[in-house]
Amino acid sequence: MPSLLELQQGFAAALFGAPGVALPFVITGDPIDVAARLAIYRNSVFGNYHNALGASYPVLRQLLGAAAFVATVDAFVHKHPSASGDLNCYGDAFGDFLAVHVTDAIRPWLPDIARLEWAIDEAHRAADSVHAPNAVLAALAAIAPEQLPALRFRLDPSCRLLASRFPILRVWLQSQPGHEPDKAVTADAGAEGLLVRRNSEGVPIERLPCGDFAWLVALAAGATLGEAMEAAQTEDPAFDLAAALRTHIATGTIAAIQ
């Protein structure tokens, strides 16, 4: 007689295996065909996955087409089934999965579109943060100039920074309602560094200058202001630290001094 754990593991293996995979134990005395019953469960479970990832990746679903998206989700789920009962937080590895398992020479940006959509999804779900730029500026003004290079900043919890060698913001925008297709978007149309952050009006996506992007990436990783400035100037020797501080404190991207 199999244990409860063995029953659960066997059921999960049959559920997430290829259709037709039998249970590794025998059920007797039940007139309903076991394979048909498993199919009911499988359809329900995978239907939930389709809905959850379709909500997180609407543009990707549009670009792939409904049938191809469902097939891709099925392949992803078989390789990376959810370890949580909350599918709202499931799918973070979808972009990496696409990069390995989906080849599209015409649209090589598909994995980065998935990563952008996941960044948007995370920004929506991120914790709230107090937006008090005047307080941050006042605290900054009170610090002695010689101490400034050692400062560390905390970014808003909703901030996500995404680099792509493709023009993924242009691809994403032309997939939004009311936008005309941009025929100039090609794989070699230019790299982008994007900031995704929630504000009172939603989750805007901002294309950043390379210096600003490198600076924020460094700050997000815990670098000091001096270290972040070096990273920024490596990308853009004309990087203006004062302007970057004013801009990103005013918008709430920089939430506080550590």
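These notebook entries record what I looked up in the structure.

**Entry 1: Ground rules**

I am working with a predicted model, in which local features need pLDDT of at least 70 and side-chain atom pairs count only at pLDDT 80 or more, while totals for chains, interfaces and linings use all residues. Residues are numbered from 1 along each chain as its sequence is written, and side-chain values use heavy atoms, with hydrogens and water left out.

**Entry 2: Overview**

I began with the secondary structure and found eleven helices and five strands in the protein. Helices (H or I, at least four residues) and strands (E, at least two) are DSSP runs, numbered from the N terminus.

I then looked up burial. Buried means under 20% relative accessible area, exposed means over 50%, and partly exposed lies in between, with a 1.4 Å probe and protein chains only. Of the 258 residues in the protein, 38% are buried.

I also looked up contacts, a contact being heavy atoms within 4.5 Å. Among the contacts in the protein with a separation of 6 or more, 66% are between residues 24 or more positions apart.

**Entry 3: The nonpolar cores**

In soluble globular proteins, nonpolar side chains tend to be buried together. For this entry, a nonpolar core is a set of buried Ala, Val, Leu, Ile, Met, Phe, Trp, Tyr and Cys residues joined through side-chain atoms within 4.5 Å.

Which residues touch the most other members of the largest nonpolar core? I noted Leu60, Phe94 and Leu116, in a core of 37 residues. The elements giving two or more residues to this core are helix 2 (34–56), helix 3 (58–64), helix 4 (66–79), helix 5, helix 6 (110–125), helix 8 (168–174) and strand 3 (192–196). Helix 6 provides the largest share of this core, eight residues. I also recorded a second, separate core of 23 residues, which includes Val136, Phe213, Leu219 and Leu241.

**Entry 4: Phe94 and the aromatic rings**

I returned to Phe94 and listed its contacts. Leaving aside residues up to four places away in sequence, Phe94 touches Tyr57, Leu60, Phe69, Thr72, Val73 and Phe76.

Next I looked up ring pairs. Rings of Phe, Tyr and Trp (its six-membered ring) pair if their centres lie within 6.5 Å; planes under 30 degrees apart count as stacked, over 60 as edge-to-face and the rest as tilted. By this rule I have ten aromatic pairs. The pair of Phe94 and Phe97 is stacked, because the ring centres are 6.4 Å apart and the planes lie at 10°. Phe94 and Phe97 are three residues apart in helix 5 (residues 94–101), so about one helical turn separates them. Both Phe94 and Phe97 are buried. One aromatic cluster is formed by Phe46, Tyr49, Tyr57, Phe69, Phe76, Tyr90, Phe94, Phe97 and Trp118.

Two packed helices are described by the angle between their axes and the distance between the axes. Axes are lines fitted to C-alpha atoms, for helices over the stretch in contact, and angles run from 0 to 180 degrees between N-to-C directions.

The axes of helix 4 and helix 5 come within 11 Å and cross at roughly 105°. Helix 4 is therefore roughly perpendicular to helix 5 (65 to 115 degrees; under 35 counts as roughly parallel, over 145 as roughly antiparallel and the rest as oblique). At this meeting, helix 4 supplies Phe69, Thr72, Val73, Ala75, Phe76 and Lys79, and helix 5 supplies Phe94, Phe97, Leu98 and His101.

I found an open sheet of three strands in the order 2-3-4, with antiparallel pairing. Two strands pair if DSSP finds at least two bridges between them. Strand 2 (160–164) and strand 4 (205–207) are the edge strands, each pairing on one side only. The average twist from one strand to the next is 25°.

Strand 3 and strand 4 run antiparallel and are joined by three bridges. Leu195 stands opposite Glu206 in strand 4. Helix 6 packs on the sheet, where it touches strand 2, strand 3 and strand 4, and its direction makes about 175° with that of strand 2. Helix 9 (residues 210–220) also packs on the sheet, touching strand 2 and strand 3.

**Entry 5: Single residues**

Is Asp121 buried or exposed? Asp121, in helix 6, counts as buried because its relative accessibility is 15%. I noted that Asp121 touches Ser56 and Asn88, not counting residues up to four places away in sequence.

Leu173, in helix 8, is partly exposed, with a relative accessible area of 30%. Leu173 and Val59 are 114 residues apart in sequence and 9.4 Å apart in space, C-alpha to C-alpha.
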